[in-house]
Amino acid sequence: MDFLPIFLSIKEKRCIVIGGGDVATRKIASLLRAGGKVTVIAPQLSASNQKLADNGKIVHHAREYMDTDLDNATIVIAATDDESTNAEIAQRAQQQGIPVNVIDKPENGNFIMPSIIDRSPVIAAVSTGGASPVLARLIRTRLESLIPAGYGRLAELCGRYRDTVKQLFSDPKDRRRFWDAILQGGVAERVFSGHMEEADVAMQKALDEANPNPGMGEVYLVGGGPGDPDLLTFRALRCMQQADVVVYDRLVAKPILDMTRRDAERIYVGKERDNHAMRQEEINKLLARLAKEGKRVVRLKGGDPFIFGRGGEEIDTLAEEGIPFQVIPGITAASGCASYSGIPLTHRDYAQSVTFVTGHLKDNSMNLNWQQLAQPHQTVVFYMGLKGLPVITRELQSHGRSADTPAALIQQGTTHMQRVLTGTLETIESIVEREQPKPPTLIIVGEVVELHDKLSWYKTPESSEQGATS
């Protein structure tokens, strides 16, 4: 982040605005709404600002700026029509350790003022870091429709009951779970509809019936998809944001991991070749133990948990121990990578079936039904096949697949690191040796690969964050 988002209390504090034209008007209004004591330094004021001065809302000094104007200031806005004066003000303020915002030159100051959605005491702020204030206002407008005015009343209700809930639930985890139920249930709906007395009655009833000892937790087995966070399901996102603990794999993209609750405990259990952070049996026991402690656990996996994700093994242990669980499917790597590469896995002119297999080597060999995999008019997708590529190409050819059968290797599909290497069973190995792709990769074999050049639509974004694998 280029800026740290914070909310600053300026009630009854001295706020200095240098410049009294129209560009300063919105800044002055925001400072007044936050309770600041606003002093404006400017030879002249715009009509709207003059009205504020006439009504005693602001203090106006009708003169040019002086260095002493910044003394004892809590916050400074440089809003003159002279860039050099604004730069001088910014430098002086920063020397005194005073936060300063510079109109139209945010890089000269050390803070920016975002677009605001005001549902006091709920306040949401949107910023583009000064790159495009118009875009920030557009985003704010869209958010306005998603955040009803009733959220302010809901926040006030929460404030009234906060101490009571804190006394009832000594564990922060249990308090959070109680508030989750309140804010997504009947109490919130009564507040939104304006029935505040009914909301108070429902709230008191919820407190009377609350159990400070929640007992057994639950495990959510969540498929995180192939890498692009936009491919997450709504249900996956809801579970991720309710979790007390997130147990995640190596192939979970960082932007997806960042969408989990910020205060949730994170436990890494990823596996690489010859380097396992935790054995599978230990992972199974870990999930069971955390749930027995009353925690909501998200087991976050790349792709789909039931396709080469060992999800079945994990929930088998949970079922044996009587632990509640849910399975939230994800887009598997074969589907996501193929779609983002313009390679349809089936096509009536090329392939009438598709087979998913693991290309993971064990003792430098793969125990697969090569005779079946070499049959024509089908697409074969190999997961985790980068190291085993020489075995794959050799065995398919030795079992009857033509050497000129199209083949593709996709590096980190759907992410900013996606690369698609195409060739044939005869040439793909040398292409991979030359290009040195980085795992995770996926291999697609079949005539459908020929469609890549024609149907490829996804352009790798320049952003270094989009879909970066952890």
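Arg299 belongs to strand 13 and Glu314 to helix 12 (residues 311-320), so the pair ties together parts that are 15 residues apart in sequence. The model is predicted, and the salt-bridge count in it comes to 29.

**The buried pair**

- Arg299 counts as buried because its relative accessibility is 0%, under the 20% limit for that class.
- Glu314 likewise has a relative accessibility of 0% and therefore counts as buried.

**Partly exposed pairs**

- Glu281 and Arg279 meet through their side chains in a salt bridge, at 3.3 Å from N to O.
- Glu281 has a relative accessibility of 43% and so counts as partly exposed.
- Arg279, at 48% relative accessibility, also counts as partly exposed.
- A salt bridge links Glu293 with Arg289, the closest N and O atoms being 3.0 Å apart.
- Glu293 counts as partly exposed because its relative accessibility is 38%, and Arg289 falls in that class at 44%.

**Domain layout**

- The protein chain is divided into domain 1 (14-113), domain 2 (149-209), domain 3 (218-331) and domain 4 (334-455).
- Five residues from domain 2 and eight residues from domain 3 take part in the contact.

**The interface of domain 2 and domain 3**

- About 550 Å² is buried between domain 2 and domain 3, and carbon and sulfur atoms give 30% of that area.
- On the side of domain 2, the residues that lose the most area to domain 3 are Lys173, Arg176 and Arg177, which together account for 78% of what that side buries.
- Four salt bridges are found across the interface of domain 2 and domain 3.
- A salt bridge joins the side chains of Asp244 and Arg176, at 2.6 Å from N to O.
- Five residue pairs are in polar contact between domain 2 and domain 3, with both residues of each pair at pLDDT 80 or more.
- The side of domain 2 that touches domain 3 comprises four charged residues, one polar residue and no nonpolar residue.

**Lys295**

- Lys295 is placed in the loop between helix 11 (280-292) and strand 13 (296-301).
- The relative accessibility of Lys295 is 18%, so this residue counts as buried.
- Apart from neighbours within four places in sequence, the contacts of Lys295 are Lys173, Arg177, Gly217, Glu218, Asp244, Val245, Glu265 and Leu290.
- Lys173 and Arg177, both among these contacts, are also among the residues of domain 2 that lose the most area to domain 3.

- Arg261 is found in the loop between helix 10 (254-257) and strand 10 (265-268).
- With a relative accessibility of 12%, Arg261 counts as buried, because the limit for that class is under 20%.
- A polar contact of 2.8 Å connects the side chain of Arg261 with the side chain of Asp263.
- A polar atom of the side chain of Arg261 lies 3.5 Å from the backbone oxygen of Gln242.
- Not counting residues up to four places away in sequence, Arg261 touches Arg176, Asp180, Met240, Gln241, Gln242, Ala243, Asp244 and Arg296.
- Arg176 and Asp244, both touched by Arg261, form a salt bridge with each other.

- One network, built from salt bridges that share partners, joins Arg176, Arg177, Asp180, Asp244, Arg261, Asp263 and Arg296.

**Arg238**

- Arg238 is located in helix 9 (residues 234-240).
- Arg238 has a relative accessibility of 48% and therefore counts as partly exposed.
- From C-alpha to C-alpha, Arg238 and Thr260 are 9.0 Å apart in space, while 22 residues apart in sequence.

Key:
Residues are numbered from 1 along each chain as its sequence is written. This is a predicted model: local features need pLDDT of at least 70, side-chain atom pairs count only at pLDDT 80 or more; totals for chains, interfaces and linings use all residues. Side-chain values use heavy atoms; hydrogens and water are left out. Domain bounds come from an automatic or database domain assignment. Contact means heavy atoms within 4.5 Å. Buried area is the accessible area (1.4 Å probe) that two parts lose on being put together, summed over both. A polar contact is a pair of N or O atoms within 3.5 Å; within protein, one must be able to donate a hydrogen and the other to accept it, and residues adjacent in sequence count only if both atoms are side-chain atoms. Ala, Val, Leu, Ile, Met, Phe, Trp, Tyr, Cys and Pro count as nonpolar, Asp, Glu, Lys and Arg as charged, and the others, Gly among them, as polar. Helices (H or I, at least four residues) and strands (E, at least two) are DSSP runs, numbered from the N terminus. Buried means under 20% relative accessible area, exposed over 50%, partly exposed in between (1.4 Å probe, protein chains only).
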